[in-house]
Protein chains: 2
Amino acid sequence: MKSTSQFLRQLGFTGPGVLVNEHQARANIRSMAEKARRAGVTFRPHFKTHQSADVGQWFAQEGVTAITVSSVSMAEYFACHGWRDITIAFLLNPLQWPRIESLAHKLAEQGGQLGLTVDSPAAAATLAERPELPLRVWLKIDTGYGRTGVPWQNGVTMQEIVEALGPHPLTGLLTHSGDSYQASSLADLNSIWILTRQRLETVSQNLGGEKQLSLSVGDTPCCHSIEDLSGVQEIRPGNFVFFDLMQWSQGVCQTQELAAAAVCPVVGLYPERGHMVVHGGAVHLSRESLVGEKGKTVFGYLGTLSRRDDGSVSQQVLTDFPVVSLSQEHGTVEISAQNQTIFESFEIGDLVVVWPVHSCLTCDLSSEYISEQGNVLTKK
Amino acid sequence: MKSTSQFLRQLGFTGPGVLVNEHQARANIRSMAEKARRAGVTFRPHFKTHQSADVGQWFAQEGVTAITVSSVSMAEYFACHGWRDITIAFLLNPLQWPRIESLAHKLAEQGGQLGLTVDSPAAAATLAERPELPLRVWLKIDTGYGRTGVPWQNGVTMQEIVEALGPHPLTGLLTHSGDSYQASSLADLNSIWILTRQRLETVSQNLGGEKQLSLSVGDTPCCHSIEDLSGVQEIRPGNFVFFDLMQWSQGVCQTQELAAAAVCPVVGLYPERGHMVVHGGAVHLSRESLVGEKGKTVFGYLGTLSRRDDGSVSQQVLTDFPVVSLSQEHGTVEISAQNQTIFESFEIGDLVVVWPVHSCLTCDLSSEYISEQGNVLTKK
C-alpha cells in the first residue's frame, strides 16, 4: 500500500484524480485494432469512454481514422481535435439541427463525414428537410436489448423511416447489444453475437434488397471476447480502452488490462468499525455499483500499483477492500478484521487507488487524467 | 406536457441541461435565513449543492457572509468570487497544504478566515507545523451517523487531537447528522436533532471546560423541519436551496419547493413497450436512485412546469412517469398502459423535465444552469 501511495505521489497526485495506464491502454487499443484488421471490419471505436484528445491520438497512431461519439458536443470536441469521420451513435435530437448542420459542413469541407442515427419516421423527416446536407444516415435497430432502435421484426416502421428520409440514402444498420454486459459466460456472449448478426442480416435482406447495407455493432464484451469478428462491416467498442470492474467481474478482461483508476487521498481512519474514508465520492467514482461478496453493494475495490523495471505498471485488485458507501465527496472503504495489520499501515495523507465499477462514468467526472509517465492528458 | 416543452424551449434549452427556479430558490434561501435569525444561530450554508457564483449572490443578498464547502477546489472557486469566510467541512488532506496555506493567507488578507476540519491527531499535527497560519479549526464529531468524525464518546482521541494542534485553538465542534436523510417522520428528525445537540454539548463540556466551543450542525432535513434551531451556534444546510426527490419523498419539502430540474430532449418513443427514451443519462442525472412503487428503482420522475401570471412557475411531480433505467447518455421513462393517451402526445424533439433524486449530484454534472427567467447561471 505504501509503495502504491509513493508511486502516485511521484506522479504528482495530491487530491482526487484519475490515473491512466498509457502503456496498457495502448496495448488494449492495438489488440482491438489488430483483431478488426484480421476480420476485415472497420474499427470505429467509441470515444465516450475516454473523451480525451490525447487518448484519441493513441488510436490515431494505431491507424484509426473513424470514430464514434454519443453526443453532438462530443462530436464537436473531437472535430476540433482533427477527427473528420465521426458517427454520433445516439438518436438524433432535432432541436440540435443548427449545431449538427454546422458540424456536417465542417467535416465535409475537410473531406470527412458526419454520421447520424435515427429510429423514427419523425426524426427521419427532419433529415429530408435538409436534402443537400452531407451526411451518413444509420438506422438504429433493436436486436434484442430493448433500449432504443426499431425492433428487428418491425419492417413496416423501417420502410416508413427509409421513405421519410427522402433523398438521403441509408448507409447501414447500427445496433448496440447492451445485453452483453449482463452475459455470464463466453457461450452467452457467443449467442448474443450470433443472434445480433443474424437479425441484422435479416433486416438488411428485407430492407436493402440489392443494395448492400453496412452492419455496425458495438459492445466491448462481444468485440473483445469473440475471436472472429467477420460478418459485419464495422465495430464500435469503447470501454475496452480502459476496461473496469464490471468487465473484470464478468470475466471479459484480466486485472492487467485495467487502464484507468481513481486516485483518492485517505482522510479518515476508523479501525474501531473497520472503515477507511477517502476523498473519492459520488462526484468522482459515480454511483455505479456491482454486487460483491455476500450480496454487498460495491462501488469499487482498492488496488495496488507498482513500477516494473521496464517502466510498465504491475496491478492488483484487492477484493478484501471494497468501497461500500459513497456520499458526494466521501468514499468509505471496508477493511475486515483479518486485514487489521494492513489497516494499521495506512496513514492520513496516503493515496490509494480505487478501481472503478464503470470507467466511462468515472472518467466523465474527471477534468483530466495523469498517465503512469506523469503526463497530464487533456479531456472534454 | 406540450406546454412544459414550449416553456423550456422558450428559455433556450435544446439539449440536456439544468433548470433552476430562481424565484423558488430565493424563497428557500430566505426562509432558512429567517429561521436562523429567529434562533440566533449563524447561517453558514453549504455551497456544494449549487457550486454557483451566481446562486451564491442570492445568499449574499439575504445577508449571508459565511459559507461551507466540501473541497479545497470549491473553496478556491468561491474565494475567487468574493467570499472571505469559508469552512471546508471535509477532513483535511495534508497533501493539499500548499493550496490550503495560500488560500488561508488570501482570505486573512481580506479580513476573512478559512476553517478546516480534522478528526485525527495525525491531521492535527500537520496544523501544528504551521503555527502562524490564520485558521479556524473545527473538530469533527461523530454523533451517531458513523461516516467520519471522532465518536462522541471517545474523549481520549479528542484530547490527543487538541494537544496535537499545538498553538491552534479549537474553534468548535462540527458534525453532520447524515442519518436524518433516512428519517421517516418528523418525530425521527426531532430525535436526531435532540440527540445531536445533546452529544455535542456533552463533548463540549468535557473538552472545552471553561472555554465555550461553537457547535456547528448541518443537514437539510433537520434544519428545514425543526422549528426552533436554537441551542447550537451555527447551521450548515445545503440541499434546501434546490431540494430534490429524496427530500420530497421523505416529506421534508413540498413539490413547489423543488428548485432544480434536469431538462432532457425526447429522442425515442416505444409505445409497444411503454418506454420513452430521453437524452438524460447517468452523466446528467447521476445514478442516485430511490425506491418507487412496487419496489422499483427510480432515477427521477417526469414533471410539468408552467408560467403563472406573476412570472413564477407552477410545478408538478408525475410519479406515473418514472425514469427506470439509465445508461451513460440514455434515460428510459416508463409510461404505463393507462397513460397511453398522454404517451401519444409526446413527440421526438419535445423537452421534458426530470426531477432529480439527488440535486447535489445532478447539479455537479452540469456546467451551468438556466433560470426560469432565461438567465445563464455560471458554476464551478
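This is a predicted model: local features need pLDDT of at least 70, side-chain atom pairs count only at pLDDT 80 or more; totals for chains, interfaces and linings use all residues.
## The interface between chain A and chain B

In this model, 52 residues of chain A are in contact with 52 residues of chain B. The size of an interface is often given as the accessible area lost when the parts come together. For chain A and chain B the buried area is about 4100 Å², and carbon and sulfur atoms give 59% of that area. Phe90(A), Leu95(A) and Gln328(A) supply 18% of the area that chain A buries against chain B, which is more than any other three residues supply.

Polar and charged groups also meet across the interface of chain A and chain B, where the rule finds 20 residue pairs in polar contact, both residues of each pair being at pLDDT 80 or more, and 4 salt bridges. A salt bridge joins the side chains of Arg287(A) and Glu288(B), with a distance of 3.2 Å from N to O. On the side of chain A that touches chain B, the elements that give two or more residues are strand E4 (85-91), helix H6 (121-128), strand E11 (260-270), strand E12 (275-279), helix H11 (282-285), strand E17 (330-334) and helix H13 (359-364) of chain A. Sorted by class, this side of chain A has 22 nonpolar, 19 polar and 11 charged residues.

Helix H8 of chain A comprises residues 186-208, and its 23 residues reach 32 Å from the first C-alpha to the last, close to the 33 Å expected at 1.5 Å a residue. Its buried residues are Leu189(A), Ile192(A), Trp193(A), Thr196(A), Arg199(A), Leu200(A), Val203(A), Ser204(A), Leu207(A) and Gly208(A). The cover over these buried residues of H8(A) includes strand E6 (135-142), helix H7 (155-164), strand E8 (170-175), strand E9 (214-217) and helix H9 (220-225) of chain A. Just after H8(A) comes Gly209(A), which takes a positive phi of about 60°.

The buried residues of H2(A) are Glu22(A), Gln24(A), Ala25(A), Asn28(A), Ile29(A), Met32(A), Ala33(A), Lys35(A), Ala36(A) and Ala39(A). Among the elements that cover them are strand E1 (17-20), strand E2 (42-43), helix H3 (53-60), H9, strand E10 (234-235) and strand E19 (368-371) of chain A. Just after H2(A), Gly40(A) takes a positive phi of about 70°.

## Individual residues

| Residue | Relative accessibility | Class |
|---|---|---|
| Leu326(B) | 10% | buried |
| Thr157(B) | 18% | buried |
| Ser286(B) | 7% | buried |
| Phe243(B) | 1% | buried |
| Lys294(A) | 83% | exposed |

Leu326(B) is found in strand E16 (residues 313-326) of chain B. Not counting residues up to four places away in sequence, Leu326(B) touches Gly280(B), Gly281(B), Ala282(B), Leu285(B), Ser286(B), Arg287(B), Phe299(B) and Gly331(B).

Ser286(B) lies in the loop between helix H11 (282-285) and strand E13 (290-291) of chain B. Leaving aside its neighbours within four places in sequence, Ser286(B) is in contact with Gly281(B), Leu326(B), Leu361(B) and Leu365(B). A polar atom of the side chain of Ser286(B) lies 3.1 Å from the backbone nitrogen of Glu288(B), and the side chain of Glu288(B) meets that of Arg287(A) in a salt bridge.

Thr157(B) is found in helix H7 (residues 155-164) of chain B. At 18% relative accessibility Thr157(B) counts as buried, because the cut-off for that class is under 20%. Not counting residues up to four places away in sequence, Thr157(B) touches Pro121(B) and Val150(B).

Lys294(A) is found in the loop between strand E13 (290-291) and strand E14 (297-298) of chain A, whereas Phe243(B) lies in the loop between strand E10 (234-235) and helix H10 (245-249) of chain B. Lys294(A) counts as exposed, and Phe243(B) counts as buried.

Terms used. Residues are numbered from 1 along each chain as its sequence is written. Chains are lettered from A and ligands numbered from 1 in the order in which they are written. Side-chain values use heavy atoms; hydrogens and water are left out. Contact means heavy atoms within 4.5 Å. Buried area is the accessible area (1.4 Å probe) that two parts lose on being put together, summed over both. A polar contact is a pair of N or O atoms within 3.5 Å; within protein, one must be able to donate a hydrogen and the other to accept it, and residues adjacent in sequence count only if both atoms are side-chain atoms. Helices (H or I, at least four residues) and strands (E, at least two) are DSSP runs, numbered from the N terminus. Ala, Val, Leu, Ile, Met, Phe, Trp, Tyr, Cys and Pro count as nonpolar, Asp, Glu, Lys and Arg as charged, and the others, Gly among them, as polar. The expected span of a helix is 1.5 Å times one less than its number of residues. Buried means under 20% relative accessible area, exposed over 50%, partly exposed in between (1.4 Å probe, protein chains only).
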